[in-house]
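Thanks for making time this morning. I would like to walk you through a few annotated positions, so please have the model open as I speak.

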Amino acid sequence: MSHLASTIVAPATAQGGAISIIRLSGSNGTDIIKRHFSRPLEDRRALFGSFSDGDKIIDEVVVTYFKAPRSYTGEDCVEISCHGSQWIVSEIVRLLISSGAVAASPGEFTQRAFLNGKIALSQAEAVADLIASDSRASAQVAIQQMRGGYAQELRVLNYELLNILSLLELELDFAEEDVEFADRGVLGGLIEKLHCRVRDLASSFSLGNVLKNGVPVAIVGKPNVGKSTLLNRLVGEERAIVSSVAGTTRDYIEEAITIDGIVFRFIDTAGLRSSTDEIELIGIERTYEKLRQAAIVIQLIDNMDDVEELSLSAEQKLMVVLNKIDSNPTVPTPPDTLKISAKNGIGISELRFALLSLIPKGSLSQHSLVVSNARHYEALQRGASAFSRALQALSDALPSDLIASEIRNGLYSLQEITGEITTDDILGNIFKNFCIGK
Ligand code: GDP
């Protein structure tokens with residue numbers, strides 16, 4: 001996908017603003033710019049001047065030059081800030097292409113940053129997450145990973161693994177003599193330590209996933225118990241910036257709110273009714289599918305006789321909530337039942353607090369590393385199983401080559417995360433989801 005020899009160009013900002021930025025990266029970038037910009041470039045300085053096509057001025061612009069290797073991509077980079085007119089942006093891009101640049105593919109700037117060794121693959125992925133983030137928590141997780149996150153820690157672990165492997169491989173070279181360079185006690189301790197760390201990182205995914213994607217919540221209950229009223233009340237108090245998802249009017253609807261920076265996505269089940277319309281049935285089936293994916297299910301009732309057994313999976317958390325407490329304030333309830341009035345706003349802050357308390361434990365401090373990327377999670381799990389097999393092989397006193405092979409499997413899994421080992425397929429998959437200009 002990437003031809004590092006070429007100089008790539010793309011708009012870096014979305015349409016519609018007062019100012020747009022066009023980005024250029026590659027070794028011919030400065031030569032290409034010279035043909036159009038009125039002033040000679042200076043490293044790391046923003047210069048005001050005009051951008052022309054021959055003697056025709058296209059716009060007055062600010063050009064910032066980042067000389068290689070001190071730039072985002074590690075190559076000569078030029079950023080042109082022009083007025084936000086769609087015509088001006090396309091004209092500048094067109095002229096730069098006619099002067100020798102090529103249009104960048106999706107994510108190509110970030111891919112070059114990775115290929116030029118400026119960032120680990122996990123950091124490149126975090127750039128996309130940061131741009132897509134829609135809450136304090138998801139932005140924080142992404143920025144932590146973009147600034148290095150666990151990439152550095154994984155590199156240290158990889159280094160330790162390589163040391164272990166080289167000792168075991170040395171033993172293989174001296175197989176005839178039956179020597180052990182790697183003390184089995186020390187080796188076991190080291191692999192155990194690596195195994196624990198990798199397992200801990202993998203287990204932070206349940207929190208990381210919540211922080212990144214939000215918590216899916218379903219409100220279920222009989223007609224007229226107040227489900228819509230409750231949803232409106234919650235959304236009215238603090239609607240999240242994320243847009244509500246509505247595929248079609250007959251599809252499911254999601255409303256999101258943020259509580260303490262964490263997004264809770266409510267699946268609207270109001271449209272669930274029996275139907276014979278084929279298209280409507282598809283929509284209903286999708287809503288049921290969403291219900292099965294809910295992490296939290298709020299069973300809303302307006303009298304205690306309505307509490308019913310729901311068939312939930314082991315991971316789903318149930319909250320029984322009694323509504324309309326305003327019209328029946330003295331009704332006896334089990335101690336853990338939340339009592340609210342959706343219509344009058346009674347008990348809503350307690351409900352919000354209860355929702356927050358149901359998310360996985362662990363807080364996102366500057367220092368705690370949380371895995372939020374499914375690809376990393378999967379690789380960490382593979383790594384952890386390889387280390388656990390290595391430990392087993394060690395305790396069964398199996399030959400060095402079997403132990404070494406499991407350790408190598410674990411090492412490869414960790415290296416896939418940072419991109420030290422990668423395939424075109426993995427790279428293609430990651431960068432195809434980026435926008436042009438990233
Ligand atoms: P849904 O069918 O479960 O979505 O129920 P709705 O939200 O449409 O509410 C059904 C009826 O209950 C409406 O007339 C609401 O005004 C009323 N209602 C909802 N919440 C409360 C409440 O807290 N107190 C009282 N008294 N009525 C409520």
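This is a predicted model: local features need pLDDT of at least 70, side-chain atom pairs count only at pLDDT 80 or more; totals for chains, interfaces and linings use all residues.

Residues are numbered from 1 along each chain as its sequence is written, and side-chain values use heavy atoms, with hydrogens and water left out.

An unreviewed UniProt entry gives "binding site" for Arg 23, Glu 79, Lys 118 and Lys 438; such annotations may be inferred rather than shown by experiment, feature names are shortened, and positions are in the numbering used here.

Lys 118 sits in the loop between α3 (108-115) and α4 (121-132), helices being DSSP runs of H or I with at least four residues, strands runs of E with at least two, both numbered from the N terminus. Its relative accessible area is 37%, so Lys 118 is partly exposed, where buried means under 20%, exposed over 50% and partly exposed in between, with a 1.4 Å probe and protein chains only. The side chain of Lys 118 reaches the backbone oxygen of Ser 71 at 3.4 Å.

Lys 438, by contrast, lies in the segment after α14 (424-432) and is buried, at 12%. Beyond four places in sequence, its contacts (heavy atoms within 4.5 Å) include Arg 23 and Phe 109.

The entry also lists Asn 224 as a "binding site" position, and Asn 224 is exposed, at 67%.

Conventions. A polar contact is a pair of N or O atoms within 3.5 Å; within protein, one must be able to donate a hydrogen and the other to accept it, and residues adjacent in sequence count only if both atoms are side-chain atoms.
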